[in-house]
Amino acid sequence: MNYLCGMAKFFLRKKIGDRVVNGHPWIFGNELGDSEGVAEPGDIVEVYSYNGSFVGKGYINPASQIRIRLLTRDKSEVIDDRFFFNRIKEAWEYRKQIGYVENCRLIFGEADQLPALIIDKFNDYFVLQSLSLGIEKWKGAIVAALQKIFTPKGIYERNDVPVRTLEGMEQIKGFLSEPFDTNIIINENGLKVHVDIENGQKTGYFLDQQDNRRAIQHIVRGADVLEAFCYTGTFSLHAAQYGAKSTLGLDISENAVSVARRNAELNGYENICKFEAVNAFDVLKLWGKEGRRYDVVILDPPAFTKSRENIQKAITGYKEINLRAMKLVKPGGFLVTASCTNLVPPEMFLEIMGTAAKDARRTLRQVEWRTQAADHPILFNVPSTQYLKFLIAQVI
Ligand code: SAH
């Protein structure tokens with residue numbers, strides 16, 4: 001056998017930080033020095049420190065700034081179909097252990113040691129995103145593992161995501177199993193919710209708020225609730241279930257609003273939950289001036305920016321919308337507010353809230369300070385795994 005046929009080896013430069021050695025799985029192109037052997041894009045390679053000690057094995061993509069993503073730190077672990085089966089099985093056991101049964105983010109990329117892989121489980125249906133070339137190559141093995149562990153009713157890929165172009169891949173979506181009806185109904189916290197797997201946002205549904213939706217239970221009883229950026233209206237549905245007098249959900253997407261209305265009907269809340277397709281920035285400003293007031297205002301806006309260079313845009317967006325929301329809250333009422341980008345760290349978000357409150361001449365009294373649902377685990381050595389901030393505060 002030709003000695004070059006073995007796995008290619010890559011050596012980290014001497015002068016790089018401890019990030020990789022301390023547990024972060026990404027290795028950037030400029031962190032690599034010497035190499036031995038040949039690797040095709042997507043191949044599994046071995047990584048060593050500059051002095052030759054083993055760091056891990058992962059997949060490589062010369063076209064990506066994140067050149068290598070590590071899959072294991074165990075030299076004896078073989079990366080094959082069985083490896084992916086085991087990782088997915090472990091992830092499922094972990095979700096069950098922490099209390100998830102029907103719906104959960106089954107694989108949360110780096111936090112499940114499967115970088116760039118997302119799998120959402122909607123009861124018997126699975127939605128997958130393979131966001132790097134290296135993980136794309138194992139898609140067949142991943143689908144086979146899902147089939148074996150769950151015997152699902154359907155598997156779908158929502159790879160219509162721009163980040164794939166950074167890896168030189170096309171954006172696609174489609175069935176990874178026999179075709180099935182992609183409009184499904186899931187159960188969440190005792191409610192029924194329509195999920196459009198094919199055309200909904202992201203994987204079709206935001207599971208990351210599933211624990212937080214329960215957190216509004218005590219503040220919405222008998223309340224008039226305004227929910228901006230409501231998507232398919234799940235916070236409103238929860239509010240109705242917990243005894244709200246009325247809810248008004250706002251989203252710029254006509255499609256989201258029509259699903260939200262169908263969700264209200266599905267649960268018998270069509271008289272309590274109303275929805276309007278409008279720009280939340282415009283109407284919150286207008287209604288504030290008109291003197292409308294609510295007992296509870298809920299905000300779950302989009303990320304506002306995808307890049308660190310544009311962080312100011314996100315800061316301005318969050319401040320502006322929260323300021324407008326605070327003005328709409330009756331004295332002693334509540335603001336429920338979230339931010340879903342890891343580019344705004346928790347301390348920064350709280351600081352923004354402080355500034356908004358000051359400008360609104362209101363005082364915030366914290367009820368709860370939370371993060372994403374526990375099925376999206378936060379891995380301490382990979383800061384980007386913490387991304388959701390969720391605050392419930394009384395507005396005095
Ligand atoms: N709270 C929702 C998720 C919201 S995602 C849930 O738990 O499922 C953010 C939503 O904001 C998207 O549905 C998007 O359509 C909407 N959106 C974006 N810009 C908006 C704007 N200016 N006004 C109103 N809605 C907007």
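Visitor: How far does a polar side-chain atom of Gln 201 lie from an oxygen atom of the ligand?

Guide: This is a predicted model, in which local features need pLDDT of at least 70 and side-chain atom pairs count only at pLDDT 80 or more, while totals for chains, interfaces and linings use all residues. Residues are numbered from 1 along each chain as its sequence is written; side-chain values use heavy atoms, leaving out hydrogens and water. Between a polar side-chain atom of Gln 201 and an oxygen atom of the ligand, the distance is 3.0 Å.

Visitor: Which residue has a backbone N or O atom 3.0 Å from a nitrogen atom of the ligand?

Guide: A polar side-chain atom of Asp 251 lies 2.7 Å from an oxygen atom of the ligand. The backbone N or O atom that lies 3.0 Å from a ligand nitrogen belongs to Ile 252.

Visitor: How much of the ligand's area does the protein bury?

Guide: Accessible areas come from the Shrake-Rupley method with a 1.4 Å probe; for residues, only the protein chains shown count as cover. Taken alone, the ligand exposes 580 Å². The share of this area that the protein buries is 90%.

Visitor: Which elements give two or more residues to the shell around the ligand?

Guide: Helices (H or I, at least four residues) and strands (E, at least two) are DSSP runs, numbered from the N terminus. The elements that contribute two or more residues to this shell are α4 (234-241) and α6 (280-290).

Visitor: How many salt bridges are there?

Guide: A salt bridge is a side-chain nitrogen of Lys or Arg within 4 Å of a carboxyl oxygen of Asp or Glu. One of them joins Arg 370 and Glu 368, with N and O 3.0 Å apart. By this rule, the count is 19.

Visitor: Are Glu 136 and Lys 139 buried or exposed?

Guide: Their side chains form a salt bridge, 2.9 Å from N to O. Buried means under 20% relative accessible area, exposed over 50%, and partly exposed in between (1.4 Å probe, protein chains only). Because Glu 136 has 19% relative accessibility and Lys 139 has 12%, each counts as buried.

Visitor: How many residues apart are Lys 96 and Glu 93 in helix α1?

Guide: These residues form a salt bridge, with the closest N and O atoms 3.5 Å apart. Lys 96 is partly exposed at 39%, and Glu 93 is partly exposed at 36%. About one helical turn separates them, because their spacing in helix α1 (residues 81-97) is 3 residues.

Key: A polar contact is a pair of N or O atoms within 3.5 Å; within protein, one must be able to donate a hydrogen and the other to accept it, and residues adjacent in sequence count only if both atoms are side-chain atoms.
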